[in-house]
Amino acid sequence: MSPDKLAYMANQIGKFFAHQKHDAAVAAIADHLEKFWDPRMRRTILSQYDSVSERLDPLVREAIAQLRKAHMS
């Protein structure tokens, strides 16, 4: 799946959780991506983060940045 399509999908997930408080929304987005996205999808969005970050909503950008940090540990 293309990074652009994954960015679109991640933004859709972000819209679902956007009504929550900031920290809860970021955690929920990251949790959803971790639990429900196929590992290949997750690897792609994490590895292509720099090329798609401009197209990500702020909450989604923060959630993916947290996932990147967690996966690099």
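Helices here are DSSP runs of H or I with at least four residues, numbered from the N terminus.

This is a predicted model, so local features need pLDDT of at least 70 and side-chain atom pairs count only at pLDDT 80 or more, while totals for chains, interfaces and linings use all residues. Residues are numbered from 1 along each chain as its sequence is written, and side-chain values use heavy atoms, with hydrogens and water left out.

**View 1. Alanine 28, tucked into helix α2.** Alanine 28 is found in helix α2. Its relative accessibility is 15%, so alanine 28 counts as buried (under 20% relative accessible area; exposed is over 50%, partly exposed in between, with a 1.4 Å probe and protein chains only). Leaving out residues up to four places away in sequence, alanine 28 touches Phe17 and Gln20 (contact means heavy atoms within 4.5 Å).

View 2. Zoom in on leucine 56 and you'll find Ala7, Ala10, Asn11, Tyr49, Arg61 and Ile64 touching it, not counting residues up to four places away in sequence.

View 3. Asparagine 11 sits in helix α1 and is buried, at 9% relative accessible area. A polar atom of its side chain lies 2.8 Å from the backbone oxygen of arginine 55. Beyond its neighbours within four places in sequence, asparagine 11 is in contact with Arg55, Leu56, Asp57 and Val60.

View 4. The whole structure has six salt bridges (a side-chain nitrogen of Lys or Arg within 4 Å of a carboxyl oxygen of Asp or Glu). Lysine 35 pairs with aspartate 31, with the closest N and O atoms 3.4 Å apart; these two are about one helical turn apart because they are four residues apart in helix α2. Lysine 35 is exposed at 56%, whereas aspartate 31 is partly exposed at 35%. Arginine 42 meets glutamate 34 at 3.7 Å, N to O; arginine 42 is buried at 11%, but glutamate 34 is partly exposed at 33%. Aspartate 50 forms a salt bridge with arginine 68, closest N and O atoms 3.6 Å apart. That pair links distant parts of the chain, aspartate 50 in helix α4 and arginine 68 in helix α5, 18 residues apart.

Methods. Polar contact = N/O pair within 3.5 Å; in protein donor to acceptor, adjacent residues only side chain to side chain.
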